[in-house]
Each structure stands twice: as structure tokens, then as C-alpha cells.
Amino acid sequence: MAPLINGRPLAVVLNRSAGNGRAAREWPRLRGELHAWGVQYRTIESGTPAEALAAVRALPPGWAVAAVGGDGTVASVLPAVIEQERPLLVLPFGTGNDFAGTLGLRAGQFREVLAGLENPPRRVDALRVRYGSGPGTEAYSLNGAGMGFDAQLTANLPLAPAWTQGAARYVWAALSTLRAMQPQPCRVLLDGAELYSGPAMLCSVMNARTLGGGFQFNPAADLADGRLNVVVAGDVRRRQVPPLIARVRVGRHLEHPAVRYAAGQVAELHWEQPVQLHVDGDLRGEHMWLRAEVLPGAVQLLNGASRSLQS
Ligand SMILES: Nc1ncnc2c1ncn2[C@@H]1O[C@H](COP(=O)(O)OP(=O)(O)OP(=O)(O)O)[C@@H](O)[C@H]1O
């Protein structure tokens, strides 16, 4: 039996829709592998993130949780993982899989994940994000939260014409966002000191390395350093945005003159007007401020550290 799971019951949260149905298609093979490893588990097939969270919250103490899906699936169980201290196993079957990517995993690599159960578990940081005072304006994040261009692009995706698919949809949304968006005045505080003040195209508070399915906003990410990273793209002119996006893709944007990048424990963003916000890629609407703090070691990951699973 896999040592980390030995004696610990595991709830497998299966999001059949993740990865455009990939999780559903690969589930029979994963189930076979779980049996082969002698893992004792119960399956939670949730129709919505809220259903998954309620089912995980209702598990008896001591149960661990496996998220079979993408970043949305991991995010759906994160409040219970953090607040009830349930160990988390990530089995990536989503589209972007940004958190799994920071762990060195690609979609569908369930054999590698199960083999990793031989390795010691590890604690990784999470973020607590607040962006209002009412109910539902607080969230946990493993990847990061962003305000500005990338969130607005995500908000514009459903407006893309039906003939666009996949990458073409993103290009359409990027261009339409670019046409309509100007850098907005923003003040960024890190641990109480001003990091940036001026027009900004985008501000992200990061924990993991990537967002948006592999864009390396935070190339120096260390999931266990007890710090968050702030990335600001300041007063970028329209024609500078496409080459800057290309640099973010490969993590070569930090030396760009319009980019600020720093690490700390508490970040605050204050905008002069409402700006679109996402948390782990999940849109949260338009807001004028955000406060993010790092929660050092808040998540116990059963994806053990090994040479192939560096953080
Ligand atoms: N536990 C869950 N059960 C059912 N549906 C969920 C669950 N978690 C999230 N969802 C919904 O399913 C959608 C897809 O899930 P998920 O984000 O995991 O996959 P993806 O979008 O393919 O991958 P990624 O987010 O890594 O790009 C989410 O946008 C959300 O609406």
C-alpha cells in the first residue's frame, strides 16, 4: 500500500467536466491504478464546486482529499483543505493545470502522482485574498489572484464569436481587451510600504509559478518560502503589450522596464476605479481593492517532493 495513504482514508473528488471531459475519460484507468496501489478511497462525484466543498467539509476528521481535475477542482476543495487541515493530493486532468505545473506535473500524469506517494508529504503556502467586506468576498488561492488585463481578457472570452476555438478564442479576447483597455491608476503596497504608484495594466499576487495555463507570471516561485510575489505591469503602451505577453509566457518579463516584481507577506492593491479580478482564474467581478496575505505552509500536499516534483 502507498505509505502516505496507508491507514488514511481518501476522498477522491472527481470533476467529470475538467479538461473538457478528460477527467471522465481517464477515470476508469485512474480507478484501476488506485486499486493496484491498494489505495482505499471513496469517490465524490460533484456537479458543482459548491457540492464538492460541502461533501468534503462533511467528511470525518482525518480524511485526505484528492482533486481529480484542473485548477478549478483544486480551488473548489481548498477551503476545507485549509480550514479542516485535510491533506491534499492533486491528480491533474484539467485544461490549464497551473498548480500541477508548478509541482512539475502535466495533465494525465496520474502514475507519477501515485508513485510520488512513496515520498514524504510537504507543506506549501497558500494565499488568503479579500476584496470586499460583504459575504463571499474572501477566497483562498494556491496559484494567485490578478486584477487588470488578464482578468479582463478572461471576462471577454465568452464574447468571442462562435467560430473561434481554442487559441484563436484567446487571441480574439486579448485583442478586444487591448483595444478597450487603458492602464488605470493603481497603488500597490507590500508589507505596508509602497511598491508602485501609477498607471497599471495588470497587478498579480502570486503563490505558484503560472496562471492562465502556463503563463509564467512568477518564474521564481517557491511554494514553501512563506512569501507571496507581486507582479505589476505598469504604464505599458498598447503596442508593447503583445511582446510583453510573449515574455510572460516564458518568464522573461522581469527585466522589462514597466514591470515591478517583489516578494513579501501582505500585498494590497488600490485602484481608482473598479477593475476586473480573478482568483485562481475564477472571475470575481470588478473591484477597487484587494488584500492578499500568505498563509505559510497552510496546505499539506501528498504530492511528495521528489526529483521529478520540484516546487
Ligand atoms: N469539484 C467540482 N465539481 C464539479 N464541477 C467543478 C468542480 N470544481 C470546479 N468545477 C467546475 O468545472 C469547471 C472545470 O473545472 P476545472 O477548472 O477543474 O477544469 P479545467 O477548466 O479544464 O482546468 P483548469 O482550471 O486547470 O484550466 C470549473 O470552471 C467549474 O465551473
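Is Tyr 196 buried, exposed or partly exposed, and how many C-beta neighbours does Tyr 196 have inside 10 Å? Tyr 196 counts as partly exposed because it has 18 C-beta neighbours inside 10 Å. By definition, a residue is buried if 20 or more other C-beta atoms lie within 10 Å of its own, exposed if 12 or fewer, and partly exposed in between, with C-beta atoms placed from the backbone.

The model is predicted: local features need pLDDT of at least 70, side-chain atom pairs count only at pLDDT 80 or more, and totals for chains, interfaces and linings use all residues. Numbering starts from 1 along each chain as its sequence is written. The pLDDT is the predictor's confidence in each residue, from 0 to 100. The protein chain averages a pLDDT of 93, and 96% of the residues score at least 70. Over residues 307–311, however, pLDDT stays under 50. For the complex, the predictor gives an ipTM of 0.97 and a pTM of 0.93.

The domain assignment of the protein chain gives domain 1 (10–119) and domain 2 (128–298); such bounds come from an automatic or database domain assignment. The C-alpha centres of the two domains lie 26 Å apart. Across the boundary, 13 residues of domain 1 are in contact with 17 residues of domain 2, where contact requires C-beta atoms, placed from the backbone, to lie within 7 Å. On the side of domain 1 that touches domain 2, α3 gives the most, with 7 residues. By class, that side of domain 1 has 6 nonpolar, 5 polar and 2 charged residues. Here Ala, Val, Leu, Ile, Met, Phe, Trp, Tyr, Cys and Pro count as nonpolar, Asp, Glu, Lys and Arg as charged, and the others, Gly among them, as polar.

Helix α3 also takes part in the ligand site. The ligand is surrounded by 22 residues, of which the closest are Ala 52, Gly 70, Gly 72, Gly 94 and Gly 96; a residue is near a molecule if its C-beta atom, placed from the backbone, lies within 6 Å of it. Two or more residues of this shell come from each of α1 (18–36), α2 (49–57) and α3 (71–83). Helices (H or I, at least four residues) and strands (E, at least two) are DSSP runs, numbered from the N terminus. The largest share of the shell, 4 residues, comes from α3. The shell has 4 nonpolar, 17 polar and 1 charged residues.

Strand β10 (residues 202–206) has 5 of its 5 residues buried. Leu 202, Ser 204 and Met 206 lie on one side, and Cys 203 and Val 205 on the other. Strand β7 (residues 144–148) runs antiparallel to β10 and is joined to it by 5 bridges, pairing being assigned if DSSP finds at least two bridges between two strands. Met 147 has Cys 203 as its bridge partner in β10. Another 5 bridges join β10 to the antiparallel strand β11 (residues 228–233), where Ala 233 is the bridge partner of Leu 202.

Tyr 196 itself is found in strand β9 (residues 193–200). Not counting residues up to four places away in sequence, Tyr 196 touches Val 188, Val 232, Gly 234 and Arg 260.

Two residues deserve a note on backbone geometry. Most residues other than glycine have a negative phi. Asn 20, in helix α1, has a positive phi near 50 degrees, and Asn 20 is exposed because 11 other C-beta atoms lie within 10 Å. Glu 85, in the loop between α3 and β4 (88–92), also has a positive phi near 50 degrees.

Methods:
Two residues are in contact if their C-beta atoms, placed from the backbone, lie within 7 Å.
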